[in-house]
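Here are some notes from a read through the model you sent over. Have it open next to you while you go through them.

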Protein chains: 2
Amino acid sequence: MWSFLKRAIVGNPIPTEQAHHERLSKRIALAVFSSDALSSTAYATEEILRVLAVAVVFGQGHAFTYVIPISVGISILLAVVGMSYRQTIYAYPSGGGAYIVAKENLGTMPGLVAAASLLVDYVLTVSVSVAAGVAAITSAAQGTSFAWVSNHSVAMCLVLIVFIALANLRGVKESGLLFSIPTYAFIFSFVGMIVWGLGRYLMFGVTPTPPLEPAIAEGYHPGPLTLMLFLGAFSNGCTALTGIEAISNGIPAFRKPESRNAATTLVWMSITLIGLFLGVSVLAYFYKVVPSEAETVTSQIARQIFSGPMQWFFFFLQAATAAILVLAANTSFADFPRLTSLLARDRFLPRQFANQGDRLVFSNGVVVLAVLSSLLLVMFKGDTHRLIPLYAVGVFVSFTLSQAGMVLHWLRERDQSRVHTAAEATKRERKEKSKDVDTGRLIGDFTEISGWKTSLMINALGAIACAVVLVVFVITKFVHGAWVVCVLIPVIVIMFRGVRRHYDNVADQLVITWKPKLKQRKHTVIVPISGIHNGVIPALEYARSLSKDFKDARAVYISIDPAATAQVKKEWETYADFMPLVILDSPYRSLLKPLMDYIDEVSNENEDTFVTVVLPEFVPARWWHNFLHNQSAILIKAALLFRRGVISVSVPYHLTH
Amino acid sequence: MWSFLKRAIVGNPIPTEQAHHERLSKRIALAVFSSDALSSTAYATEEILRVLAVAVVFGQGHAFTYVIPISVGISILLAVVGMSYRQTIYAYPSGGGAYIVAKENLGTMPGLVAAASLLVDYVLTVSVSVAAGVAAITSAAQGTSFAWVSNHSVAMCLVLIVFIALANLRGVKESGLLFSIPTYAFIFSFVGMIVWGLGRYLMFGVTPTPPLEPAIAEGYHPGPLTLMLFLGAFSNGCTALTGIEAISNGIPAFRKPESRNAATTLVWMSITLIGLFLGVSVLAYFYKVVPSEAETVTSQIARQIFSGPMQWFFFFLQAATAAILVLAANTSFADFPRLTSLLARDRFLPRQFANQGDRLVFSNGVVVLAVLSSLLLVMFKGDTHRLIPLYAVGVFVSFTLSQAGMVLHWLRERDQSRVHTAAEATKRERKEKSKDVDTGRLIGDFTEISGWKTSLMINALGAIACAVVLVVFVITKFVHGAWVVCVLIPVIVIMFRGVRRHYDNVADQLVITWKPKLKQRKHTVIVPISGIHNGVIPALEYARSLSKDFKDARAVYISIDPAATAQVKKEWETYADFMPLVILDSPYRSLLKPLMDYIDEVSNENEDTFVTVVLPEFVPARWWHNFLHNQSAILIKAALLFRRGVISVSVPYHLTH
């Protein structure tokens, strides 16, 4: 039954040799890996406006104009980080996530810090994206007869998480097909909105509306536009960058040649991202949109632009936004299990995370991510804005470590090339030239040609930019929640090291260094019985076969009720006199205590023999029948596990009905 | 750690031979067994008034005067039922609960119906009593600065249930000492209130207060005083009878001579109960008290009587009321586990209920009762009045069956005495006379002297009275919740019979009818391994010792990753070449499937040998380390339990840190 259900939902098992078929084309990869990055354009502008609103409410009506320089600044940062990650893709074709890059180049600790911040980030991505997706739906419902849906936003979030988790348990390729349509619908609708909106503005201008009191970012109070506030707005807008690293983590999922395809996809994605983000910010500025609790900024813009007969496009855009935001969570569902499996393989996480399920998916990672993000959504009652400050700290920690690692990578590359013999250098150059021919067609591809110097400079620029943003972020957002992440990351790192220490300990204990000398040992066999019945006969038979002269096998009966004991003694003589019966008194009516004492006694007496406890075990015909039996066999087995040198044997007796 | 905590809370184990020391004196037994019956006087009068209020609100102001005839009627019923149960105590000195009496005299089905209604009743007693006790506290708090406690009544109820359950897990005698003071404080304070209240009324009369709108019983609407309403009020008042059977269930807990002590205690209890109940009803009538949601009726009476300098007595009375009501729940904690253990011994309930814990208490019954009554309180949000109709149906079902059973008991007694020879009759008479001397001192003791005829008449009267009340109850209360119990009782009876059927089936399969012929069989041994390390060496050693020529022992390795498999093969040749190694491919990366297929294959090939699977099992040094290992041994063991004729062996390997 359960098995059938699992097959229906998750699909049939896939054999290991089909692993390489589960690869993504560039077009599908763009949908799978860029939904996170692209979808953030749906809320990044709003997060900037919410901080600027602090000054607007204070009375400085011009503050909203700063959305334009801030957005341009973020776009430049985005281009730098994107280029920087492009270097990583070529240097780490097997997947250059921040964890791997930082660990290999900076050492284990920085690697673990990067990994911890990424894990936190993935969980937050799922929560924030799903919550924002639901906000798009409830925004569209404003003013219609479906406005009541906003009362059920947490429930909607949880249903969506379950849906995405199931899709991911089926496997990555099917997810790709499933998720392409929303991503392209989102790009199409946002491009449509920007083009139509700009055209409309240039031709007709905007009909002025009465000014609303804007909603202020969580934790702020009205005040003047200080540098701190300006930087806070910039920090908030940096959520637009989240997800840009997704491609560099997922290179092995691309079709061959993986690196080139991944790099091309990254360039496409960065250009799209900058275009959409700047477009939305400019529209927000032109159409004088003010952040509000009831409706998102993009929803307000689209509602103004697509009024009258074009209103269907507004609903289409909101649907596409909701869809891509919900699917942005999917990026994390692709990357979280991959990272946990890497960590598990390096023994920093329980090895269960490294087990591939029968659909070639790291199922445990998928399930853990779904549970954690659901908990977070319930705790924060589905409120996106309160999660944003927690979110971007982890992102920029991993960005900074990853770029810094790349800088050291190129320095090492340089050192290696210096010690190369002339012949090797020539070979390497020839190889690089052949790559050059392959990759020259790509837009802006100059890394492989120009060698380590350019790469180093690009990555250094990226690292410095990210480090500066990280410092700004921590300073401006610490009291607004960033401190949680600052505490959480060290805790997770300590946990990683604890797990690793345990595995190292175990490995030390288990390693065989010389051929073991096996001793020939005798058996002493104990059969605890609850009475004389058919259920114990197979156990007695097995026990007898273990010890040839039967002197070393004995049945043990715990006496609680004297009348029952006399009965057992009598029946034993009639039916089972082939083995001695030991009767143990139990003054406190416990089964376990006298039996364990006896077993300890026997095993102390016989040092060089195996003490084997043969347990007759009832197997009922129906699972719920288990509640009707005492389950003493399970208790005894559990207690025996902690006795050194005592071996427990289960001899099942199957009830037929 | 856990063991220490258990000892600190529950106490040290008590050996079986001390069982007979755990007996109660009459004075303590009255406290333990009558708290349920006596405590109902705290709310029985109010339940009558709440139904009469239906007519008062309708406009018939005289309706409240009917509280007097109704209370007198209930007192007569109470005397009849009390006398009837006195017969039972002598006829069933080892404990004559409704289950035993009905089963022995009427047959199994009536016995099970009685048992089911008692179980339902015990759970409801705990919920109703604890809720009413908390109502006494919140009533006393009205008008003080502690009025806020009424917002936390459900939490208070749950804390009290946990407290009572723990007291009962310690054992019955210590509970008795603990619970005597509140019962006697309650009797003292209620007698004080009745005497003082009557005196005050006769001397000073009552200062008239403005009439309040009375609270109406749950489920009623204002209407005239019909016969149906009158009977409804009578039915509600019959909650005063609940708990009267407690002594007859608990005779074995009395000191010797058990029956006589129990009978004396029952007479004391009945007299006290009638006195207190009538007293409260008369006071309610004299002081013109009106039921209200904010304060209980007894609290209102006591507040009027003990005003001014005597106010401390009001608080003392409320405290005693709360205490006895909470402890009334304790009667159920004495009887529920006793009844479930009887049912378990008769195989109508899982045998776990028949296990006496190390404090000579049927611990499982205590825990189950605590859980069920807590659930009920949470479901009904601690509202007593809604539970009362559910409550009394079960009580009267068991009363009726028990008394009817006694009628048949005496008829059978008569038939037996007729076939006695003359000599036996003389002996019996002499014996009865000697008893006569013993018991003649008891108030109203005439049963033993007058023989079966009087007894039969008393029990017949009791049975008819209870049957009539039951019919009235079901008719007047069916729509108000009694239907739930009418559905629940048959469901529980069906469950009883299902459990019994299972045990009968098992017994049929297990019974040995001839001496088993043991075959001498060979061993085929399989050792599943995850690699070559110290953890598998003990298992290999054990497996080798099972099969002397080693041909029939083999290690099995499941190949998922070809590189790892090659490594294992190499290491096997170096370290463990004393046994053949079988490598099984697993195209879907499952450990279990290929292993089980192989085991099935081997066990089909070798029909007359034991197929033994030896499992190397890691035992980590700390329990939480278990989360860091794959636990495949547990999965394999669970799967093997369902293979016929396959035996699983656990060879533990203990990690030291």
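Predicted model: local features only at pLDDT ≥ 70, side-chain atom pairs only at ≥ 80, totals over all residues.

1. Chain A has 23 helices and five strands. Of its 657 residues, 55% are buried. Looking at contacts in chain A with a separation of 6 or more, 82% are between residues 24 or more positions apart.

2. Next, the nonpolar cores. The largest one has 146 residues, and the members that touch the most others are A:Phe33, A:Met193, A:Leu343, A:Phe396 and A:Phe496. The element that gives the most to this core is helix H6 of chain A (residues 108-141), with 16 residues. There is also a second, separate core of 145 residues, with B:Phe33, B:Val130, B:Ile247 and B:Leu369 among its members. As background, nonpolar side chains tend to be buried together in soluble globular proteins.

3. Leaving aside residues up to four places away in sequence, A:Phe496 touches A:Leu112, A:Ala115, A:Ala116, A:Leu119, A:Leu343, A:Phe348 and A:Leu349. A:Leu343 is itself listed with A:Phe496 among the core members that touch the most others.

4. Now a helix pair in chain A. Helix H7 (residues 153-170) and helix H14 (residues 363-379) have axes that come within 10 Å and cross at roughly 175 degrees. With angles over 145 degrees counted as roughly antiparallel, that is why H7(A) is described as roughly antiparallel to H14(A). On the H7(A) side the contact is made by A:Val154, A:Cys157, A:Leu158, A:Ile161, A:Ala165, A:Asn168 and A:Leu169. H14(A) brings A:Ser363, A:Val366, A:Ala370, A:Ser373, A:Ser374, A:Leu377 and A:Val378. By type, the residues of this contact are 10 nonpolar, four polar and no charged.

5. Which residues does A:Leu158 touch, not counting those up to four places away in sequence? They are A:Ser374 and A:Val378. Is A:Leu158 buried or partly exposed? Its relative accessibility is 27%, so it counts as partly exposed.

6. Over in chain B, have a look at helix H12 (residues 297-305). Seven of its nine residues are buried, so this helix is largely enclosed by the rest of the structure. Those buried residues are B:Val297, B:Thr298, B:Ser299, B:Gln300, B:Ile301, B:Ala302 and B:Ile305. At the start of H12(B), the backbone nitrogen of B:Ser299 has a side-chain oxygen of B:Thr296 within 3.2 Å.

7. B:Arg50 deserves a check, as a charged residue that is buried, with a relative accessible area of 2%. B:Arg50 sits in helix H3 of chain B (residues 44-58). Apart from residues up to four places away in sequence, it touches B:Ala215, B:Ile216, B:Ala217, B:Pro291, B:Ser292, B:Glu293 and B:His385.

8. B:Ile187 belongs to helix H8 of chain B (residues 172-204). Its relative accessibility is 15%, so it counts as buried. B:Ile187 touches B:Leu38 and B:Thr272, again without residues up to four places away in sequence. The C-alpha atoms of B:Ile187 and B:Leu276 are 8.1 Å apart, although 89 residues separate them in sequence.

9. Last, some backbone geometry to look over. Most residues other than glycine have a negative phi, and most peptide bonds are trans. In chain A, the bond from A:Lys256 to A:Pro257 is cis, with omega near -10 degrees, and A:Pro257 lies in the loop between helix H10 (246-249) and helix H11 (258-286). In chain B, the bond from B:Lys256 to B:Pro257 is cis, with omega near -10 degrees, and B:Pro257 is in the loop between H10 and H11 of that chain.

10. B:Lys288 has a phi of about 50 degrees. B:Lys288 is in the loop between H11 and H12 of chain B and is exposed, with a relative accessible area of 67%.

How values were computed. Residues numbered from 1 in each chain as written. Chains lettered and ligands numbered in written order. Heavy atoms only, no water. Helix = DSSP H or I, 4+ residues; strand = E, 2+ residues; numbered from the N terminus. Buried < 20%, exposed > 50% of the residue type's maximum accessible area, 1.4 Å probe, protein only. Contact = heavy atoms within 4.5 Å. Polar contact = N/O pair within 3.5 Å; in protein donor to acceptor, adjacent residues only side chain to side chain. Core = buried A, V, L, I, M, F, W, Y, C linked by side-chain atoms within 4.5 Å. Axes fitted to C-alpha atoms, helices over the stretch in contact; angles between N-to-C directions. Parallel < 35°, antiparallel > 145°, perpendicular 65-115°, else oblique.
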